[in-house]
Amino acid sequence: MSSYGVAPISAPSSNILSIPFRRSLHISLSATIRQYINTKYDQHPDMFQHDLETIDALRRDAVNVREPHLSGIKKLQVYAGQLAWIGGKFPIDIGAEFTWYPALGYHTERPLARNNLKYELMNVLYNLAALYSQLALNTPRGDTEGLKSAANYFSLAAGVLSHVQKSVLPELRMSNPPDDMDNNTLESLVQLFLAQSQECFWQKAVMDGYKDASIAKLAARVSDLYNLAAEAAVTSEAISSAWIHHMNAKHHHFAAAAQYRAACDCLEKRRYGEEIARLKDAVICANDGIKEGRVSSLNKTVMEDLQALKRKLEEDLKRAEKDNDLIFLNPVPPKAELKILERANMATARVPPQVANPLDYLGDHAELGPALFSKLVPFSVHVAISIYEERRDRMVNQTIIQELENLTEKIHTLLSSIGLPGSLQALEKPLGLPPSLIQHAEEIRQSDAINKIQRSFADIEKLRSNDWAIYEEGKAALAAEEEEDEQLRRKYGTSRWLRPQSQADPSGSKFWAAINEIGGYFQNSASSDEAVREKFTANKELLEILSGSNQSLMNYVPASTPVETSGDLKAAVGRLRSVYNDILRLESRRRKKVESLREAARRDDIKPDILKEAARLERTYTTTPLQTVHFEEFFEKRLDKLYEPELDALEKEAQDQENLLTLLERSNREFESQKRLVEGKGHREREQVLQKLNGAYFKYKEIGTNLEVGRKFYNDLNRIVAHGFRDAIKAWAAERRIEARNLEEELNMPPLSNLSINQQPVQSPPSGYTSPPVPQQQQQQYQQPYQQSYQQSYQQPPQPQQYQQPQQQSVFSRPAVQSPAEVSIQSWAGGQVQQPQIQPQVPPQSAQAQTSPMPGTWNPSMGIKFGGPSAGGSQGQEGTWSANSGIRFG
């Protein structure tokens, strides 16, 4: 590592650049996959023992590719292809913490671990691009074949990174991708490798003796690409300033080279004035490139090429101006009137087909080998099965059965309003108990109705309480995460703590919205539960009577006086009884239909058919990973085939019932009119009691249905609040904590410029200025106050006096130049290195002042004082330097 914390390879040690490999820690991916198959799939993991061993071996081979050798290409491509394949069978957060070290930037020794298959794939593809770039760097470029090879490798490197940027990064689901793999860094690296590929084509054209006009077009495009790379690099947190200066220097170099070749073409075509104008612009570009080397130490070859080009340009410019002044006398156009050079682009980002379409290269005899876990049902199929089952249950329970129950409820409402069957039973059997009532009472006794209902209420309350506790746990985790984030935001300030707030984060906003949504579920269910309880309370007394013995039931039902029935009454009773029995038969058929539908839904196993459909889709769309949306047509056809007939039958069922109810009402009116003529003593009281008992029985059946629906609701709600809410929030909060910890570490690190100056080349001070030594004890005494002072004045640093340096030697991590005062303070803030003692040569008479240390330590508020004589000639007087008084030493 260099003194700036950047990997050595990030400093330009060649006239072209390559990226280093990212390093990874060992992980048993097979153990994670085995555990996931064991808990989430119906298949046993031992069925995939060979595949489990293979995936570990492939990962081991891929992460151990550390040298630029052709054999590494296939190792990385095979593992990347298998990752793309199993991404369709397992969720992205399968449970494996993949740990990788950054390759570029200032945190290359700080690993980043993520439970993310796409993160693993992204790192492997990044290493494939790194391998291509290093193969290009190590390819001899002394002949045209070597240049073609290097250009091809650079194009492949750019293509792989472009694929990562456009296809993998958007699916990463990480709010903070690694610095060296974020969009800006990838864009810069893509343009850099394209520039270097284009440079190889330019060099080949020069070597093959192409015309100057063609070479100028190639060089102009090289310059453009280096400029694009530098512009993107400035916005990157990972690309060092040394690389940025290298890119800028190359940009200016090839801009000069393009103008030089264009000038040569002008000379050939006898456009002498334009030749001079282009040579002048070329000299300016070359000077700009050389300036980059003065700010940062460039590669020796790059600087020598720039200086040689400048010398050649100046010689040709001198010759051209002399010839034009003496012979040709052509006017020299200004730069603004020069025609912009055309561009000839030869470099393109080429994505290897094994990377762009890896599934095409997987198979028993294919290039990337057989697809692993091919017999395992893909994860998307499991999700699709769940979606189908949810739609089927909704169609059966809410669309069909609920409509049938609504029709039945309409029957009971009408029967209750006209007093059936109590009025018939009171007339037909004025003494004792009607057979239907005895049957209802026996059913209630056998089922232990009251205790059964109370147990169901207790079970539902327990389910509700459990769901509520999980819901509150998820809310608490969400609130705790928000509070932690707010505390850190208050601690570091909104200008530094820049990550999204909890409720602004894409995932967090969904969780906060889910609080109200799930709260609405609980509120609605509480109202429903209360309505069912009130229904039970209203009928509990009658149910207790029905639960008793037949004798107690007989004692409760009053007897009526038998009456003589006329022929008209008997006929009316017969017609009413016939219609009522038809309605009872309709209800019975309906109950059987409901049970049959529920049983059919339970037996509706879609797995065999959906696996066949999945295999068909995989054969048809070999390049597209299976998604749940691919099964939509299959779902519609299956649901229509199995349940559309039942939906169509609902309308006929409703019409048949409507006809029966109309007939029942007419028959009951006839019955009531005849009954009033012969009504006996006690008949009305018996009719009302029998009607109440029959109504209580039907309410008991209704309550049982309500409780079953409530139990299913809370069981379904448990999956929502547990897996979809609480567990998801905890996983998200854990990721946010890791993200916050990493961000805290970055914020707590010394600023980039806060580096010990004795680790850098020291700038030569002005002649005569002496930096007094600082005793170690005194330095420690002042270290903490200066650190605080520096942190407080970070946003508005003091403006010290500027010195004209004879030669700039230090290399900073960014183009900005630090002032001497700022460097001094920052070296104390580091707390590890003493102030270096600078001993410039001074006249003999000032040697005495040199040996006596100055008490105290300088800070920006003290100004700059010199120990020599003042402008007025008085000795020993100290004062603060003014810009109007000049500088005198000695």
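Author: Let's start with a term: two rings of Phe, Tyr or Trp (its six-membered ring) pair if their centres lie within 6.5 Å, and the planes make the pair stacked when under 30 degrees apart, edge-to-face when over 60, and tilted for the rest. The structure you see is a predicted model, where local features need pLDDT of at least 70 and side-chain atom pairs count only at pLDDT 80 or more, while totals for chains, interfaces and linings use all residues. Residues are numbered from 1 along each chain as its sequence is written, and side-chain values use heavy atoms, with hydrogens and water left out.

Reader: How many aromatic pairs does the structure hold?

Author: There are 20 aromatic pairs in the structure.

Reader: What makes the pair of Phe90 and Phe373 edge-to-face or stacked?

Author: Look at the distance and then the angle. The ring centres of Phe90 and Phe373 are 5.7 Å apart, which is within 6.5 Å, so the two rings pair. Their planes stand at 85°, over the 60 degrees in the rule, so the pair is edge-to-face.

Reader: Where in the chain do Phe90 and Phe373 sit?

Author: In distant parts of it, 283 residues apart. Phe90 is in the loop between helix 3 (71-86) and strand 2 (98-101), and Phe373 is in the loop between helix 11 (353-356) and helix 12 (379-418). Helices here are DSSP runs (H or I, at least four residues), as are strands (E, at least two), numbered from the N terminus. Both Phe90 and Phe373 are buried; buried means under 20% relative accessible area, exposed over 50%, and partly exposed in between (1.4 Å probe, protein chains only). Phe90 and Phe373 also belong to one aromatic cluster with Tyr36 and Phe48.

Reader: And what is the pair of Phe457 and Phe536 called, and why?

Author: That pair is called tilted. Phe457 in helix 15 (residues 449-492) and Phe536 in helix 16 (residues 506-547) are 79 residues apart, and the pair links distant parts of the chain.

Reader: How do you know whether Phe457 is buried or exposed?

Author: Phe457 has 7% relative accessibility, which is under 20%, so Phe457 counts as buried. Phe536 also has 7%, so Phe536 is buried too.

Reader: What lies over the face of Tyr101?

Author: Arg23 does, at 4.2 Å from the ring centre. A charge sits over a ring if NZ of Lys or CZ of Arg is within 6 Å of the ring centre and within 35 degrees of the ring normal. Arg22 lies over the face of Tyr126 in this way, at 5.7 Å.

Reader: Why is the contact between Arg34 and Asp46 called a salt bridge?

Author: A salt bridge needs a side-chain nitrogen of Lys or Arg within 4 Å of a carboxyl oxygen of Asp or Glu. For Arg34 and Asp46 the N to O distance is 2.9 Å, so the pair meets the rule. Arg34 is in helix 1 (residues 29-40), and Asp46 is in the loop between helix 1 and helix 2 (49-63), twelve residues apart. Arg34, at 28%, is partly exposed, and so is Asp46, at 46%. By this rule the count comes to 63 salt bridges.

Reader: Is Lys204 buried or exposed, and how do you know?

Author: Lys204 has a relative accessible area of 18%, under the 20% limit, so Lys204 is buried. Lys204 meets Asp208 in a salt bridge of 2.9 Å, N to O, and Asp208 is partly exposed at 37%.

Reader: How many disulfides are there?

Author: Zero, by the rule used here: a disulfide is a pair of cysteine sulfur atoms within 2.5 Å. Take Cys264: its sulfur is 9.1 Å from the closest cysteine sulfur, in Cys266, so the two are too far for a bond. Cys264 itself is buried, at 19% relative accessibility.

Reader: What about Arg173: buried or exposed?

Author: Arg173 has 68% relative accessibility, over 50%, so Arg173 counts as exposed. Arg173 sits in the loop between helix 5 (144-168) and helix 6 (183-207). Its phi is near 60°, a positive value in a residue other than glycine.
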